[in-house]
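My notes follow the structure.

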Amino acid sequence: MAIKITCINKDNGYHENPNLAITHLGWINEQTNESGKNTRLEIYN
């Protein structure tokens, strides 16, 4: 399933690596119009 990331959520505070501050990603599957929000780890897997 190919998805398009539509938004990100970050936790508060300073992070040396800003990519690790991302906690959740919003997404949409443009073929089915299904959308959702998952953790960074769920999207990675």
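**Notebook: a salt bridge and a hairpin**

I started with Lys4. Its relative accessibility is 45%, so I logged Lys4 as partly exposed. I keep in mind that this is a predicted model.

Next I asked which residue forms a salt bridge with Lys4. I found Glu30, with the closest N and O atoms 3.6 Å apart. I then searched the whole structure and got one salt bridge.

Is Glu30 buried or exposed? I read a relative accessible area of 54% for Glu30; the cut-off for exposed is over 50%, so Glu30 is exposed.

I turned to the strands on either side of that loop. Strand β2 (residues 22-29) and strand β3 (residues 34-39) run antiparallel. I noted six bridges joining them. One bridge I looked up pairs Ile28 with Ser35 in β3. β2 and β3 form a hairpin, with four residues between them. In the turn, I checked Asn33 and found a positive phi of about 65 degrees.

Last, I looked at Asn29. I placed Asn29 in strand β2. Its relative accessibility is 5%; buried means under 20%, so Asn29 counts as buried. What does the side chain of Asn29 lie close to? I found a polar atom of that side chain 2.9 Å from the backbone nitrogen of Gln31.

Definitions and conventions:
Residues numbered from 1 in each chain as written. Predicted model: local features only at pLDDT ≥ 70, side-chain atom pairs only at ≥ 80, totals over all residues. Heavy atoms only, no water. Pairing = 2+ DSSP bridges. Helix = DSSP H or I, 4+ residues; strand = E, 2+ residues; numbered from the N terminus. Salt bridge = Lys/Arg side-chain N within 4 Å of Asp/Glu carboxyl O. Buried < 20%, exposed > 50% of the residue type's maximum accessible area, 1.4 Å probe, protein only. Polar contact = N/O pair within 3.5 Å; in protein donor to acceptor, adjacent residues only side chain to side chain.
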